[in-house]
Amino acid sequence: HIGEGAHGKAEEAAGATIVLFAIISVIGTVLIEIFTPEILHLLRVPAEAFEKTEIYFRICVGGTVVITAYNVISCLMRGLGNSKLPFLFVLIACIVNIVGDFILIGGFGMDVAGAAIATVFSQLVSVVVSVIVLRKVKFGIDFASIRLGFYPEEMKKILKIGIPLMVEELTVEVSFLVMNAIINAMGLIESAGYGVAQKLIAFVMLIPSALMQSVSAFVAQNFGAQNYARIKEGYRKSIFAGTVCCTG
């Protein structure tokens, strides 16, 4: 919609997105909190770590609405072609998270509960700051004038694109969970080692992930503007950039 210059429709799409994810996050929070023990048993969490895992898991799940809001705002900004503000919001969250860890874990000795609270609180701070910034400054659409609603036409478009992506991501994540369950059954040390490996993999995937999100916004805006030649050019250059960076 930004690419085609339909700012009113862009605001409706943003409003529909917020409503959709608010509903999903609330339902998800309730269901996962109810079935937390069953989920952790299914993942074969080692008995030695079960209690602390459940504490950390429940707190993080309790902050699902905040975490969802944090990600939705960043996605909306990237859709507008602005990656600087999401970076600023992430930076704020990282700083608050680190400070929170030092205070809650180091100062108050709250262990995993402190780590979880620091994570959720840092994203809450980031959400509050981002809302304040976005309501005062215009970035292609006026966030202050966004009206929440279902907007059937926009909701249909979001779901048409989103559901296949959801199935794709779900397939990948379920495979990781199955692997996690297998490793967890081997013992605490093996489980910890797998967790470290996952962090390293996430770090390695930062470049492909950043390119993916950038190309997604780039293609969407040029598709809206019917500038198909630029889409092909951007597509080729992104493949080249990704290959060079990842090979290096």
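Predicted model: local features only at pLDDT ≥ 70, side-chain atom pairs only at ≥ 80, totals over all residues.
I'll start with the whole chain. The protein has 10 helices and zero strands. Read from the N terminus, the order of elements is α-α-α-α-α-α-α-α-α-α. The C-alpha trace spans about 55 × 40 × 35 Å along its principal axes. There are 248 residues in the protein, and buried ones make up 30% of them. As for contacts, take those between residues at least 6 apart in sequence: 70% of these join residues at least 24 apart.

Next, the second largest pocket. Its space comes to about 430 Å³. The lining consists of 19 residues, and those closest to the pocket centre are Ile18, Ala69, Ile73, Val131 and Leu148. Which helices supply at least two residues each to this lining? They are H1, residues 7-34, H4, residues 64-79, and H6, residues 111-136. H4 gives the most, with six residues. Sorted by class, the lining has 15 nonpolar residues, three polar ones and one charged one.

Asn82 sits in the loop between H4 and helix H5, where H5 covers residues 84-107. Is Asn82 buried or exposed? Its relative accessibility is 18%, and the cut-off for buried is under 20%, so Asn82 counts as buried. The Asn82 side chain makes polar contacts with two backbone nitrogens. One belongs to Lys84, at 3.0 Å from the side chain. The other belongs to Leu85, and here a polar atom of the Asn82 side chain lies 3.1 Å away. Setting aside neighbours within four places in sequence, Asn82 is in contact with Met77 and Phe139.

Second residue: Leu40. It is in helix H2, residues 36-42. With a relative accessible area of 2%, Leu40 is buried. What does Leu40 touch, not counting residues up to four places away in sequence? The list is Val45, Phe50, Thr53, Glu54 and Phe57. For a sense of distance across the model, compare Leu40 with Phe143: they are 103 residues apart along the chain, and their C-alpha atoms are separated by 39 Å.

Phe223 is found in helix H9, which runs over residues 206-224. Why does Phe223 count as exposed? The cut-off for exposed is over 50% relative accessible area, and Phe223 counts as exposed because its relative accessibility is 53%. Leaving out residues up to four places away in sequence, Phe223 touches Tyr228 and Ile231.

In general, a pair of aromatic rings is described by the distance of the centres and the angle of the planes. How many aromatic pairs does the count come to? The count is one. That pair is Phe223 with Tyr228, at 6.0 Å centre to centre and with 65 degrees between the planes. Planes over 60 degrees apart count as edge-to-face, so this pair is edge-to-face. As for Tyr228 itself, its relative accessibility is 42%, so it counts as partly exposed.

Note on methods
Residues numbered from 1 in each chain as written. Heavy atoms only, no water. 1 Å grid on protein atoms, 1.4 Å probe; cavity = no way out; pocket = protein on both sides within 12 Å on 5 of 7 lines; lining within 4 Å. Points joined across faces, edges and corners; volume = space filled by probe spheres on them. Helix = DSSP H or I, 4+ residues; strand = E, 2+ residues; numbered from the N terminus. Nonpolar A, V, L, I, M, F, W, Y, C, P; charged D, E, K, R; others polar. Buried < 20%, exposed > 50% of the residue type's maximum accessible area, 1.4 Å probe, protein only. Polar contact = N/O pair within 3.5 Å; in protein donor to acceptor, adjacent residues only side chain to side chain. Contact = heavy atoms within 4.5 Å. Phe/Tyr/Trp six-rings, centres within 6.5 Å; stacked < 30°, edge-to-face > 60°.
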